[in-house]
Amino acid sequence: MADRSRRLSPLDLGAGAAVLLAAAGVIWSPKLSGAVARATGKLQPVTVLVDVRGVPVADPAVVLDAARRSGRVSLVIRNQPHGSVAVKQVIPLQRKLSAVFADGRVVSAPDPNQLQFATIDARFVLQGEGRKGADGVVFGNQNLKIGAPIELEGTNFRVIGSVTGLKLGAT
């Protein structure tokens, strides 16, 4: 009788490696880790302040009002879609001009050009869910820190701002 012992071929090893990689991808997938965090109660309310400055628009008041009325914006963090979060508040920001006089006085005044050259200058207060990570707040499966660029998208606008404030926990 011939010895019919089974030997592993390179094809068998490759198939086994593919199965192991697929299993690891399912276990460590961002959606699954978010579901596990939600189920274990590790997700907490996160308040994110995003400042948008100098975006030229024809009528900034209409855009800001639309963001307030919709109550939600979609987020893109580091070119990765996050989903939508609640807009708690939209605060218009006034640009200021400063002048230094020869005697050392510094005088500030509202920028009169803001009326002629309309731009969006506003602080968006957003509310979502996140968790405390090793490197800060994990929001939308992305580490989010002050200074990070973030895109906000509504029904009639898409603007890029910077994170200027983060608060983890109840507000």
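Q: How many salt bridges does the rule count?
A: The count comes to eight salt bridges. A salt bridge is a side-chain nitrogen of Lys or Arg within 4 Å of a carboxyl oxygen of Asp or Glu. This is a predicted model, where local features need pLDDT of at least 70 and side-chain atom pairs count only at pLDDT 80 or more, while totals for chains, interfaces and linings use all residues. Residues are numbered from 1 along each chain as its sequence is written, and side-chain values use heavy atoms, leaving out hydrogens and water.

Q: What makes Asp-111 and Arg-95 a salt bridge?
A: Their closest N and O atoms are 3.4 Å apart. That is within 4 Å, so the pair counts.

Q: What makes Arg-95 and Asp-121 a salt bridge?
A: The closest N and O atoms lie 3.7 Å apart. The limit is 4 Å, so this pair counts too. Arg-53, Arg-95, Asp-111 and Asp-121 are linked in a network of salt bridges.

Q: How do you know whether Asn-79 is buried or exposed?
A: Its relative accessible area is 65%. That is over 50%, so Asn-79 is exposed.

Q: Why does the charged end of Arg-105 count as sitting over the ring of Phe-101?
A: The charged end is 4.7 Å from the ring centre. The rule asks for NZ of Lys or CZ of Arg within 6 Å of the ring centre and within 35 degrees of the ring normal.

Terms used:
Buried < 20%, exposed > 50% of the residue type's maximum accessible area, 1.4 Å probe, protein only.
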